[in-house]
Amino acid sequence: MAATPQKPAAAQKPATATPRRKASRHRGEGQWAAGHFTPLNGNEQFKKDDDGLNVRTRIETIYSKRGFDSIDPNDLRGRMRWWGLYTQRKPGIDGGKTAVLEPEELDDEYFMLRVRIDGGALTTQQLRVVGEISQEFARGTADITDRQNVQYHWIRIEDVPEIWNRLEAVGLSTVTACGDTPRVMIGSPVAGIAEDEIIDGTPALEEMKRRVLGNKAYSNLPRKFKTAISGSPVLDVVHEINDVAFVGVRHPEHGPGFDLWVGGGLSTNPKLGVRLGAWVPLEDVPDVYEGVLSIFRDYGYRRLRNRARLKFLVADWGAEKFRQVLEDEYLKRRLTDGPAPAEPVSRWRDHIGVHRQKDGRFYVGFAPRVGRVDGTTLTKIADVAEAHGSGRVRTTVEQKMIVLDVEESQVESLVESLEALDLSARPSPFRRGTMACTGIEFCKLAIVETKARGASLIDELERRMPEFDEPITINLNGCPNACARIQVADIGLKGQLVLNDEGEQVEGYQVHLGGALGLEAGFGRKVRGLKVTADELPDYVERVLKRFEAEREDGERFASWVTRASEEALQ
């Protein structure tokens with residue numbers, strides 16, 4: 001809570017000073033636990049007026065029958081997010097108008113619809129339904145996100161009830177895929193599968209979902225709440241940038257369990273999560289998860305939207321106080337102290353390629369281009385997986401996919417079948433390491449294009465630098481909000497309008513260099529004035545990577561080189 005301003009001492013006040021008006025009493029940060037229940041902004045008001053989960057009934061009985069124009073504005077730009085729906089950007093509005101136009105001027109009459117895929121787990125039957133919905137209702141769109149979801153575009157409100165029926169018939173949902181809610185719970189895509197797994201978090205993830213999804217006790221949070229759990233030694237769920245994360249560790253006395261992290265998040269105020277120093281056994285994870293979630297609900301800041309994420313509370317309290325409140329007020333018991341995670345066993349954390357499972361079969365990870373697929377491709381992936389004996393696939397937090405349970409005799413044929421769909425299990429570092437957010441094509445916050453730009457950048461770099469074989473991450477974001485994790489990429493590109501050599505305002509990017517997660521996690525370096533136009537992007541990336549190759553020491557990572565490189569070398 002902000003400190004109360006101190007009144008100047010009388011000796012410092014000029015004799016002729018006009019008496020100051022008495023300051024109004026600070027209403028606090030909107031924390032429910034401090035008795036601040038009066039809504040302090042429009043978002044808090046509409047949530048108090050009606051729970052976001054209730055909008056489903058209106059969509060099914062009113063809006064889907066009467067059409068887009070019948071939708072209440074507080075539902076349209078607020079509560080419909082509780083069921084995974086955002087209006088998408090009206091076509092033809094350039095990036096310079098993103099922050100100028102009113103929301104209703106940016107809104108198209110179509111929606112993005114997000115399908116939550118907790119832990120990235122899909123059967124081939126579910127994947128086929130996701131693909132069929134894309135073809136029938138979404139003009140073929142079906143992007144894989146960096147939180148293991150699938151996002152459709154061009155969805156009409158009239159079609160939403162039927163889409164829900166089809167998804168729910170195969171065990172999928174869009175509930176709280178957006179909104180001030182517990183979002184998708186990301187998990188290791190090879191949970192219960194990988195030979196080197198420390199612990200399988202699947203039972204905890206399933207119980208966490210059972211307790212909170214659709215539960216009105218947790219449907220009005222200060223802001224979104226992001227969750228991660230993984231027992232993989234490659235640290236494959238970007239645990240450092242989630243509100244709560246459970247990371248697999250081995251306790252010297254108690255065996256496998258999870259290390260507890262809280263308070264991570266990026267956007268315009270990035271913060272890495274902090275360890276609470278607590279070891280959590282598998283069976284206790286759901287209780288601890290509910291405790292952290294409840295702290296956020298009760299103590300989270302609701303006065304200002306830009307300070308409402310859990311990371312701000314954690315930064316103010318510190319790890320010690322947060323753990324104490326969790327133990328004393330919510331768990332009513334002490335947590336066991338435990339070790340930190342070991343360094344990741346691989347510089348790649350995406351499970352691309354062919355890997356042996358603990359049961360002797362294999363899983364095969366493959367790379368679409370910047371997460372962009374389509375409904376036809378998804379149904380073909382389901383067909384290919386089944387033709388090679390698999391009934392299970394996974395999505396990853398790197399916008400990639402995995403086919404599980406492949407017999408050794410089927411591996412090479414599967415790889416070839418995926419290659420025929422332009423889905424590589426042996427991708428170049430550029431295809432493997434490049435991700436992009438939705439961008440200006442559909443997003444109302446975006447300023448520049450990202451998906452097509454990222455795909456063309458991959459092609460250019462593969463052509464120009466075919467021998468480059470170092471792990472490298474290149475993340476493109478259409479605005480400052482960091483959905484594509486620009487601050488923690490080797491090369492992070494934040495979309496903005498820049499001036500070209502002719503003094504014209506064009507699409508471009510501010511460059512962040514040397515960010516990382518896992519090994520030596522930290523945020524990228526912003527070199528003063530380093531911006532690049534979209535057209536110059538391939539030239540710039542090629543130039544900086546060739547300097548890295550020329551100057552690097554044996555075994556040195558790109559992020560490590562950036563920390564010691566001169567500004568001239570990074571231009």
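The structure is a predicted model, in which local features need pLDDT of at least 70, side-chain atom pairs count only at pLDDT 80 or more, and totals for chains, interfaces and linings use all residues. Residues are numbered from 1 along each chain as its sequence is written, and side-chain values use heavy atoms, with hydrogens and water left out.

**Confidence**
- The protein averages a pLDDT (the predictor's confidence in each residue, from 0 to 100) of 94, and 95% of the residues score at least 70.
- Residues 1-25 have a pLDDT below 50.

- Helices are DSSP runs of H or I with at least four residues, and strands are runs of E with at least two, numbered from the N terminus.
- The axes of H8 and H10 (residues 319-331), as lines fitted to C-alpha atoms over the stretch in contact, come within 10 Å and cross at roughly 105°, on a scale from 0 to 180 degrees between N-to-C directions.
- H8 is therefore roughly perpendicular (65 to 115 degrees) to H10.
- Residues in this contact (heavy atoms within 4.5 Å) include Val 288 and Ile 295 of H8 and Phe 322 and Leu 326 of H10.

**Positive phi**
- Most residues other than glycine have a negative phi.
- Ser 267, not a glycine, has a positive phi of about 60° and lies in the loop between strands S9 (255-262) and S10 (274-280).
- Lys 332, also not a glycine, has a positive phi of about 60° and is found in the loop between H10 and strand S11 (336-337).
- Lys 332 is exposed (over 50%) at 63% relative accessibility.

Key: Parallel < 35°, antiparallel > 145°, perpendicular 65-115°, else oblique. Buried < 20%, exposed > 50% of the residue type's maximum accessible area, 1.4 Å probe, protein only.
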